[in-house]
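Let us read this model together, one feature at a time.

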Amino acid sequence: MDRIQDCSPTTLVLVTAVVILVVAYMFKSLLEKKPENLPPEVPSSIPWLGQAVSFGQRPLEFLTEAYEKHGAVFSFTMVGKTFTFLVGSEASALLFNSKNENLNAEEVYSKLTTPVFGRGVAYDVPNHIFLEQKKMFKTGLNIARFKQHVPMIEEETVEYFKRWGDAGERDIFVALSELIILTASRCLHGKEIRSVLNEEVAQLYSDLDGGFSHAAWLLPGWLPLPSFRKRDAAHKAIKQVFYKAIAKRRESQEKEDDMLQTLLDSTYKTGRHLTDDEVAGMLLGLLMAGQHTSSTTSAWLAFFLAKNKDIQDQLYEEQVSVCGSDLPPLQYDQLKDLTLLDRCLKETLRLRPPIMVVMRECKTPQKVKGYTIPPGHQVCVSPTVNHSLKDQWGQDNDQFRPDRFLSDETSNSEKFAYIPFGAGRHRCIGEMFAYAQIKTIWSVLLRKYEFDLVDGYFPSVNYTTMIHTPYKPVIRYKKRSRPL
Ligand code: HEM
């Protein structure tokens, strides 16, 4: 009794709420008539919470073990929801070939994205509208633009890394995250928005980014959490920055050749132009979609290259052989000839795809491999798991071996075996931009530095963040003194 009296009212309310949830969940589970032919279940004795801890701590191992035990389709409970995973190319086809009205993306993503991007864009609108918005993005991301982007990215990278000096040990993930906000803002937002990107605005992006958290996904949006409040304040402040830039551009007599201009000139099928708020939301969406994905991939690439010094040296030689021994400024057309760099990036995306799970909410019963997935299940495919299956990738599935992509067997692998950018109607539209950006940044870094692991430390995967970043990502670097 004394202990209860010691508790604060907030603790009591929280504990009571959890108890009520668990009891209600147990009753619901007992009363519900189970549909037939459900996928096999990974059992858990913990009501409501289910497998949340096991999955949260070691998701790849958890899913691989479940696959080995139950096969390509299995379900488990976490925080009161049932998740059904489809493993391997054949089972994954259900998700990637599905229509949005059967397996729905908005239901699972909009709680995270709408507070960050705002209303009227992405998962806040019906999918056929988002598809029109994606088409506008695709128009803006074309080869002629990429040709302009490469020198901009090179210039930003050279400028950024001046602060690193000739040698040292630094957090490469922090550096690449900061750099990629600058490069993406310059290439995707235009000169007006890039010119006001100072430390204050960078902090706003960081607060906005705090909105992409497990808490935002799991907890009600009205809870007065500090991270939610910061996110909402940052959203308002950044939109003001964007509105000013949009107004300036609309008033300008000259037409720029960039994404902002594409969006201002675009119309929906109905003939309606985008509102300022939609343009601002789409610009935010573009930046955020490419930010963590590209910075995490670039940081993991750093560690794979630091561990594989022979490949790092070959990459430097490739710079010399493709671009010339005096290493002149990069051009977009040269990037395609940097084929080893291409394979290294591809292999990094295989081993560490930044989006570990793509998810949809099941709206109508879905048949797969003899099972029926009922409405309400969260249907998931994990690129990380599909990229690690031994039957597809061989016994060295966990090794960094970029040349595996030279073999016909790998190139002709099953349709959904390699899916770092997803597939189907929700497929990424940023792949070519991401490749151009990361290859340009890495060309600059390879020309400037040699990278080593700090005392052999290769980071483990930080599963606490939504996108799985390297844990304690400090790397050793020194100026490349002479050509090889
Ligand atoms: C290494 C970099 C990137 C990776 C690995 C990546 C990965 C992905 C994946 C897996 C999806 C599918 C999500 C799903 O099916 O639920 C996706 C969708 C998308 N990505 Fe990317 N992405 C990257 C960079 C970018 C960039 C740079 C942009 C923008 C310039 C971008 C914009 C988008 C958009 C608009 C979608 C569509 C979402 C939908 O239709 O539901 N991505 N991305």
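Q: Which protein donor does the iron atom of the ligand have?
A: Donors are N, O and S atoms within 2.8 Å of the metal (3.2 Å for Na, K and Ca); water is not among the atoms, so sites may look incomplete. Here the only protein donor is Cys428 (SG), at 2.3 Å. This is a predicted model: local features need pLDDT of at least 70, side-chain atom pairs count only at pLDDT 80 or more, and totals for chains, interfaces and linings use all residues. Side-chain values use heavy atoms, leaving out hydrogens and water, and residues are numbered from 1 along each chain as its sequence is written.

Q: Where is cysteine 428 found?
A: Helices (H or I, at least four residues) and strands (E, at least two) are DSSP runs, numbered from the N terminus. Cysteine 428 lies in the loop between helix 21 (408-411) and helix 22.

Q: How many disulfides are there?
A: A disulfide is a covalent bond between the sulfur atoms of two cysteines. The rule asks for a pair of cysteine sulfur atoms within 2.5 Å. The count is zero. Take cysteine 323: the closest cysteine sulfur, in cysteine 344, is 15 Å from its own, too far for a bond.

Q: What is the order of strands in the open sheet of three strands?
A: Strands of a sheet pair through backbone hydrogen bonds, either parallel or antiparallel. Pairing needs at least two DSSP bridges between two strands. The order here is 4-12-9, with antiparallel pairing. Strand 4 (167-171) and strand 9 (449-453) are the edges, each pairing on one side only. Five bridges join strand 4 to strand 12 (residues 474-479).
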